[in-house]
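Please open the model in the viewer and keep the sequence panel at hand. The stops below proceed by selection.

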Amino acid sequence: MSCERPYVLFALLLIIPIILITFIKNRRNSVAVEKNFSIQGKNTRKKRLFKYGKMTRIKSALFITAWAMLILAYSKISWGTDLVPVQKNGSAVSFVFDISNSMLATDGPRGVTRLRAASIYAKKMIGKMKGIPVSVVLAKGDGVTAIPITEDYPMIESLLDVMSPSLMTSPGSSLGKGVLKAKESFPANYANAGHIWVFTDGEETDNHLKNALIECLKSGIPVTIIGFGSETETDILAGDGVTHVKSALRAQKIRDTIEGAVKNLSFFKNQTQVNYIDSLEKGSAVTLLSQISKNDVQTISYEEKPVPRYKFFLILAVILFAAGFVITEFDLSRFLPEVQHVTSIVLVLAGLSLFTGCSSNTTKMLKGAYAFNQKQYSHAVSCYLDVAADARKNDDWTVYNYSLFDLGTAYSKLEENEAAMEKYAQIGDNAPDAVRYAAYYNAGIIAHKNGRFEEATGFFRKALEIDSSSIEAKINMELSIQQTEVEVQESKAQAIPATDEKPDNPELENAVFETIKENDKKKWKSNDSTPEQSLAGDY
């Protein structure tokens, strides 16, 4: 259970003075009513006073409870989870490196350590991943995000060159905590689809990997574990530098962990993938790159989101207010005495049928508009996607065009500009002029922001062809034309003939590069320290 606006719950304290005021008011009204009934007989007066007191207490209780339901609705209480479709463009990868002492075993290719083999493997992968944002997580102790999401590949490669267990003094290796850190490295509402690649031998000290994989499955983030080392046990030193232990590539253990995580969430629809790959397996790199190669294709991923319950509390509030008026203001027993006790049930059923019977595209569009106004753009996208799918299926092209426009606007708020441009482009010529104009205008704004001024000029011109009176479109088109001319002039000024002079000194360049590597090495290496606890089990 979660609450988006917990401070609103303090308003529930107002119920206490409201109850006191209501009690005092009812006492005064009872006195006034008793005077009005004084001319009647004693038994009749007593009966009517009892009935009046009962009705006022019921009415007050219903109204106060309805007030509480409204507060709970506004506080945005959520419980339970649901899978929400979210459209992603491109890919991002988080590298998780196991830097425990077991990775120092020299059973890698050509006698290199497992950690060195993982570093070489990752560097070769980076060379094939131009334009793919990457983060680096070190899985030792609680794990740490060493490098946030970036496209600065030289900085990542400099870290790969100096990776060792001494980078972190925390004992133990927790692949699960490293995977969760990698999951957190993808910002909220990130436009790219996240992938996690774990470089490890499968040795861990806390067995948290299964739970971490389950969390990634729920969030729609695929995880691939790449195994390094030999399945034949090798003698290594533990963290204390004295104790000898046996270590090997625990491939079967990894497979069992993956199988257990997938089995626990078999009820999840559109479940993402969790795979294991041996680094020495032929085509392993191609398999990994295939996960992120389709950058131009938009994919729908399913993310776990909390289910808001404000509608439930709003329905209860309306029903309670209605019951407070109907039950206390109308004496139904005069007409239908036999159903006096089931009046509330009828009202509840009527209210539920009223509020739950709406499942049309109009309702979904309203939900999407509400989510958009609340800046819940991902939820708005899911609503508009459902509307677009239903409208296309039913050949309702008017609703379809409106939903495409709303989708494009929501995507632009999520900074998914390419997705927004695609949705605007799909709007048909049979769409209303207002929709076509707004689509061209918004597309021009996006193109202008991205520096595509000539393309922006074309969009604003098309918008003016629909509505020639738009001052905003005219101004933006002129600005785009000016920026296009500026770019042309700058490109001409930069066209300077090359000379035969070679100012670069190879020796100096190498010296600078070595200095940068040395500084990076100093940045990432920790000071030597002797932990107080025993490190015999740290491997």
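Where is the place of phenylalanine 10? In this predicted model, select phenylalanine 10: the residue belongs to the loop between strand 1 (2–3) and helix 1 (15–36). Its relative accessible area is 61%, and because the threshold for exposed is over 50%, phenylalanine 10 counts as exposed.

Now turn to the aromatic rings. How many aromatic pairs does the count come to? The count is 14 aromatic pairs. Display helix 13 (residues 397–413) to see both partners, which are 3 residues apart, about one turn of the helix.

Colour this pair by accessibility. Tryptophan 397 has a relative accessible area of 38% and is therefore partly exposed. Tyrosine 400 stands at 8%, so it counts as buried, the limit being under 20%.

For a further aromatic stop, select Phe95, Phe97, Tyr121, Trp197, Phe199 and Phe228. Ring pairs join these residues into a cluster.

Finally, select arginine 5 and tyrosine 74. What sits over the ring of tyrosine 74? The charged end of arginine 5 is found there, 4.4 Å from the centre of the ring.

Note on methods:
Residues are numbered from 1 along each chain as its sequence is written. This is a predicted model: local features need pLDDT of at least 70, side-chain atom pairs count only at pLDDT 80 or more; totals for chains, interfaces and linings use all residues. Side-chain values use heavy atoms; hydrogens and water are left out. Helices (H or I, at least four residues) and strands (E, at least two) are DSSP runs, numbered from the N terminus. Buried means under 20% relative accessible area, exposed over 50%, partly exposed in between (1.4 Å probe, protein chains only). Rings of Phe, Tyr and Trp (its six-membered ring) pair if their centres lie within 6.5 Å; planes under 30 degrees apart count as stacked, over 60 as edge-to-face and the rest as tilted. A charge sits over a ring if NZ of Lys or CZ of Arg is within 6 Å of the ring centre and within 35 degrees of the ring normal.
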